[in-house]
Amino acid sequence: MTSQLPSPLSASQPICPGDDLNHTLEMRFTSTPRGARLARRLAAHRLDTWGIPYGTGPHEEIVLVLGELAANAVRHGHVPGRDFHLSLHVTGAARAIRIEVTDTRDERTPPEPEALPAPGSEDTGGRGLLLVAARATRWGWHLRPEGPGKTVWAECVFASPA
């Protein structure tokens, strides 16, 4: 028995302006580099099936922001034995994507968006949220109301194709 997967959309194909572009993906991933990589790859595939094709500007920017947030959850929000949660919401009317990554560590919180420090030239880290701030329309974070941890979120808004 064989099954054939549908062929991926061409990178030159425009973003689908379909009537129903409201979609949600929610999933838990292990708080490991492998879990962050899997979250990024699954979200990239899902965006493609939702009509935001591989190789387009919006797809690449969304995946980049999501990858940074997932990596930060693993690096700075890791609690042994606890997963991180990814929520990806696409709304068609505003052509907006909301990415939320929730971890279970609340004593290490990111700075406020307007107070992001610039890393020194010798620093080997500290650029992830600067990248998120540069690529996302807006971003922020809040403590989880239902338990320990925090949610870091970012929104990306893109123009509809002409």
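Author: Start with a cut-off: buried means under 20% relative accessible area. Keep in mind that the model is predicted.

Reader: Why is Ser 87 called buried?

Author: Its relative accessibility is 4%. The limit is under 20%. Therefore Ser 87 counts as buried.

Reader: Where is Ser 87 placed, and which residues is Ser 87 in contact with, leaving aside neighbours within four places in sequence?

Author: Ser 87 is in strand S2. Leaving aside those neighbours within four places in sequence, the contacts are Leu 25, Glu 26, Arg 98, Ile 99 and Glu 100. Glu 100, in S3, also stands opposite Ser 87.

Reader: What makes the link between the side chains of Ser 87 and His 85 a polar contact?

Author: The distance is 3.5 Å. The cut-off for a pair of N or O atoms is within 3.5 Å. The pair therefore counts as a polar contact.

Reader: How do you know that S2 pairs with S1 and with S3?

Author: Pairing takes at least two bridges. Strand S1 (residues 23-30) and strand S2 (residues 83-91) are joined by 8. S2 and strand S3 (residues 96-103) are joined by 7. Therefore both pairs qualify under that rule. Each pair runs antiparallel.

Reader: Which residues of helix H3 are buried, and why are they said to be on the same side?

Author: Gly 128, Leu 129 and Val 132 are buried in H3 (residues 128-135). They span an arc of only 90° around the axis, so they lie on the same side of H3. The buried residues of H3 pack against helix H2 (57-76), strand S4 (138-143) and strand S5 (150-157).

Note on methods: Residues numbered from 1 in each chain as written. Predicted model: local features only at pLDDT ≥ 70, side-chain atom pairs only at ≥ 80, totals over all residues. Heavy atoms only, no water. Helix = DSSP H or I, 4+ residues; strand = E, 2+ residues; numbered from the N terminus. Buried < 20%, exposed > 50% of the residue type's maximum accessible area, 1.4 Å probe, protein only. Arc of directions from axis to C-beta. Contact = heavy atoms within 4.5 Å. Polar contact = N/O pair within 3.5 Å; in protein donor to acceptor, adjacent residues only side chain to side chain.
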